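Work through the two exercises below with the model open. Each task is followed by a solution in steps.

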Amino acid sequence: MEMVLFEEKGLVGVITINRPKVLNALCSQVLDELNEVLDSIDTKKLRCLVVTGAGEKSFVAGADISEMSTLNKEQGEAFGKKGNDVFLKLEAFPLPTVAAVNGFALGGGCELAMACDIRYCSENAMFGQPEVGLGITPGFGGTQRLARIVGTGMAKELVFSARNIKAPEALRIGLVNAVLPAEELIPAVMKLANLIAGNAPIAVQAAKKAMTEGISLPIGQAVVCEEKAFGSCFATEDQKEGMGAFLEKRKPTGFINR
Ligand code: CO8
């Protein structure tokens, strides 16, 4: 792997898109490597995943425009599918994911951040779906996930206008949960990731699955996802420990992921 780095920091895995010379633009190789990294992660051992970009300027400045510029219709569709397949894998990844958006998150970069469960960004971050200004539509989930996160009216405004927004506006519309000075971004994200990692992993993952799957379903079916998730927790040792600790007025001894 050269374009996507992976390291483990305790119970947290950190994925770094590593093409800083082109602001971490997503070429086919990056998508392939990201796919391989996701497949290789030990989801029994780790409890949370962080996704960020190399360098101080950019999270990901989009899909690689030089690679895309010569595509024909079929190749364009195939490239869109390649990105969508990887981002779907990330969205459905068993572990909760946090995007640490350390600069530009444009086009495919905004879409990568949106495929994560939670987004924190630095004060210099910039978000947008500039595709229609390049003669294309968003192609890695932007026409779908943005509306689910910020609502249809705002998503359509951003996609149709190709207007980029800065961190405070991203915070205001709910695209990110927090904005931090650049040097505080990774520590804050790691603090959140470790907070998540300290909770019962099976319960966290079941909650993620129910929330991710339920959002696209009618409420009557969506709550069934929750019922299954909720029920499954009662077959775990961590539920016995979590509730036992409460009843015995002590702190849980540490969740064991069983
Ligand atoms: N693709 C390829 N190279 C890029 C990209 C990109 N998306 N973004 C930046 N780069 C390269 C630049 O070409 C430049 O390379 P070089 O030094 O060789 O000239 C280097 O990165 C540094 O960039 P700049 O000099 O432009 O840096 P600035 O600080 O002046 O500007 C910007 C930073 C504003 C981020 C600017 O680089 C920019 O506008 N980039 C393009 C942003 C963009 O439009 N992104 C959306 C791309 S489309 C997309 O993502 C679609 C996703 C779905 C595809 C589905 C396909 C079917």
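**Exercise 1.** In this predicted model, state how much area is buried between domain 1 and domain 2, and which residues of domain 1 supply 47% of its share.

*Solution.*
Step 1. Domain 1 and domain 2 bury about 690 Å² between them, and carbon and sulfur atoms give 56% of that area.
Step 2. On the domain 1 side, Arg47, Pro94 and Arg148 supply 47% of the area buried against domain 2, more than any other three residues.
Step 3. To place the two parts, take the bounds from the domain assignment: domain 1 covers 4-197 and domain 2 covers 201-247.
Step 4. Count the residues in contact: 13 residues come from domain 1 and six residues from domain 2.
Step 5. Over C-alpha atoms, the centres of the two domains lie 26 Å apart.

**Exercise 2.** Describe how helix α1 (residues 28-40) is placed against helix α3 (residues 73-91).

*Solution.*
Step 1. Begin with distance and angle: the axes of α1 and α3 come within 10 Å and cross at roughly 25°.
Step 2. Angles under 35 degrees count as roughly parallel, so α1 is roughly parallel to α3.
Step 3. The crossing of α1 past α3 is left-handed.
Step 4. List the residues that meet. From α1 these are Ser28, Leu31, Asp32, Leu34, Asn35, Leu38 and Asp39; from α3 they are Phe79, Lys82, Gly83, Val86, Phe87, Lys89 and Leu90.
Step 5. Sort this contact by class: seven residues are nonpolar, three are polar and four are charged.

Technical notes. Residues are numbered from 1 along each chain as its sequence is written. This is a predicted model: local features need pLDDT of at least 70, side-chain atom pairs count only at pLDDT 80 or more; totals for chains, interfaces and linings use all residues. Side-chain values use heavy atoms; hydrogens and water are left out. Axes are lines fitted to C-alpha atoms, for helices over the stretch in contact, and angles run from 0 to 180 degrees between N-to-C directions. Helices (H or I, at least four residues) and strands (E, at least two) are DSSP runs, numbered from the N terminus. Angles under 35 degrees count as roughly parallel, over 145 as roughly antiparallel, 65 to 115 as roughly perpendicular and the rest as oblique. A crossing is left-handed if the near helix is turned anticlockwise from the far one by less than a right angle, and right-handed if clockwise. Contact means heavy atoms within 4.5 Å. Ala, Val, Leu, Ile, Met, Phe, Trp, Tyr, Cys and Pro count as nonpolar, Asp, Glu, Lys and Arg as charged, and the others, Gly among them, as polar. Domain bounds come from an automatic or database domain assignment. Buried area is the accessible area (1.4 Å probe) that two parts lose on being put together, summed over both.
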